[in-house]
Amino acid sequence: MKRMGATPSQDWQVSAGEVDMTRPAPPVRRLGIAAEPQNVVADANKSALVIVDMQNDFCTKGGWMDSRGIDITPNRAPIAPLSRLVERFRAEAVPVIWVNWGVRKDLLNIAPSLRHAHNPTGDAVDLGSPVPGTRSEILRKGSWGAEVVDELNAGGGDIQVTKHRFSGFWDTDLDAILRNLGVKTLFIGGVNLDQCVMTTLEDASFLGYDVILVEDGAATTSPAYCTQSTLYNIKLLFGFVTRSDSLIAAFDA
């Protein structure tokens with residue numbers, strides 16, 4: 001029999017005379033997690049860690065946001081919690097997925113509304129273009145600005161998804177990847193919490209995934225009320241909120 005598929009729990013077994021589509025489910029690995037508004041129990045064998053936009057342009061001196069005079073200190077706060085989580089998720093053989101901006105240089109798949117969101121007056125540096133005096137070409141695929149920060153190792157065994165919208169699900173292969181992996185539960189972190197993290201989390205919820213925000217693994221440079229509103233709406237409408245220590249404790253247990 002030959003396996004056809006991405007993971008054993010999603011594969012067909014094929015021979016000359018038979019195609020076995022039963023897809024035997026892996027055993028449940030229960031994770032009891034302290035969370036809000038309720039504690040949750042997830043299955044590690046159906047989970048993934050999704051990290052959004054921990055990139056130089058958002059989190060590093062000399063990046064695009066720093067060049068605009070924005071204090072990037074808040075966006076650096078998730079680095080240490082996410083680093084611990086990445087190491088643990090890898091050790092537990094739970095997928096780690098990096099979802100990052102990477103726009104085309106010619107911007108042929110970028111609508112005017114999205115360009116306006118990044119350049120509202122029209123006289124600033126546009127998406128994909130070099131920022132004078134910095135190493136940044138704003139979020140252009142393959143550029144330093146679009147790379148994951150040095151302090152986080154986006155390892156070769158992890159999964160990489162490139163996006164060109166705020167949501168990691170819009171016009172990307174993220175949903176197909178997750179379905180082929182048999183993933184049902186997403187632990188989500190990254191920046192900016194009220195923008196790309198939130199829209200990715202919302203779309204995940206709309207697509208039927210269980211979504212759990214890792215609060216100390218996510219941040220934003222927006223005012224504090226944006227964080228408060230985002231956390232409120234996640235707990236009210238879209239999913240659950242936990243912390244990195246609670247996740248590590250769940251694996252320990």
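This is a predicted model: local features need pLDDT of at least 70, side-chain atom pairs count only at pLDDT 80 or more; totals for chains, interfaces and linings use all residues.
Two strands count as paired here if DSSP finds at least two bridges between them.

Strand E2, residues 12-14, pairs with E3 in the antiparallel sense, over two bridges. The cut-off is at least two bridges, so E2 and E3 count as a pair, with two. Within that pairing, Gln 13 stands opposite Asp 20 in E3.

Now the whole of that sheet. It is open, it has three strands, and the order is E1-E2-E3 with antiparallel pairing. Which strands stand at the edges? Strand E1, 2-4, and strand E3, 19-20. Each has a single partner strand, so one side of each is left without a neighbour in the sheet.

Stay with strand E1 for a moment. Met 4 sits in it. At 42% relative accessibility, Met 4 counts as partly exposed. Met 4 also belongs to a nonpolar patch on the surface, along with Trp 12, Val 19 and Met 21. Together, these residues have about 360 Å² of accessible area.

Six strands, open, parallel pairing. Read the order as E8-E7-E6-E9-E10-E11. The edges here are strand E8, 159-163, and strand E11, 240-242. Again, each edge strand has a single partner, so one side of each has no neighbour in the sheet. How are neighbouring strands of this sheet turned against each other? By 25° on average, direction ignored.

Inside that sheet, take E6 and E7. Strand E6 covers residues 47-52, and strand E7 covers residues 96-101. They run parallel, joined by four bridges. Val 50 stands opposite Ile 97 in E7.

At the other end of the order, look at helix H9, residues 244-252. H9 lies across strand E9 (185-191), strand E10 (210-219) and E11. The helix runs at about 125° to E10.

Next, charges. How many salt bridges are there? The count comes to 14.

Pair one: Lys 61 with Asp 66. Their side chains meet at 3.6 Å, N to O. Lys 61 is exposed, because its relative accessibility is 64%. Asp 66 is partly exposed, at 21% relative accessible area.

Pair two: Arg 115 with Asp 126. This salt bridge comes in at 2.5 Å, N to O. The partners are eleven residues apart, and the pair links distant parts of the chain. Arg 115 is in helix H5, residues 112-118, while Asp 126 is in the loop between H5 and E8. Buried or exposed, which is Asp 126? Buried, because its relative accessible area is 14%, and the cut-off for buried is under 20%. Arg 115 is partly exposed, at 34%.

Glu 215 counts as partly exposed at 29% relative accessibility. Arg 243 is partly exposed too, with a relative accessible area of 42%.

Key
Residues are numbered from 1 along each chain as its sequence is written. Side-chain values use heavy atoms; hydrogens and water are left out. Axes are lines fitted to C-alpha atoms, for helices over the stretch in contact, and angles run from 0 to 180 degrees between N-to-C directions. Contact means heavy atoms within 4.5 Å. Patches are made of residues with over 30% relative accessible area and no salt bridge: like charges are joined within 9 Å, nonpolar side chains (Val, Leu, Ile, Met, Phe, Trp, Tyr) within 5 Å. Accessible areas come from the Shrake-Rupley method with a 1.4 Å probe; for residues, only the protein chains shown count as cover. A salt bridge is a side-chain nitrogen of Lys or Arg within 4 Å of a carboxyl oxygen of Asp or Glu. Buried means under 20% relative accessible area, exposed over 50%, partly exposed in between (1.4 Å probe, protein chains only).
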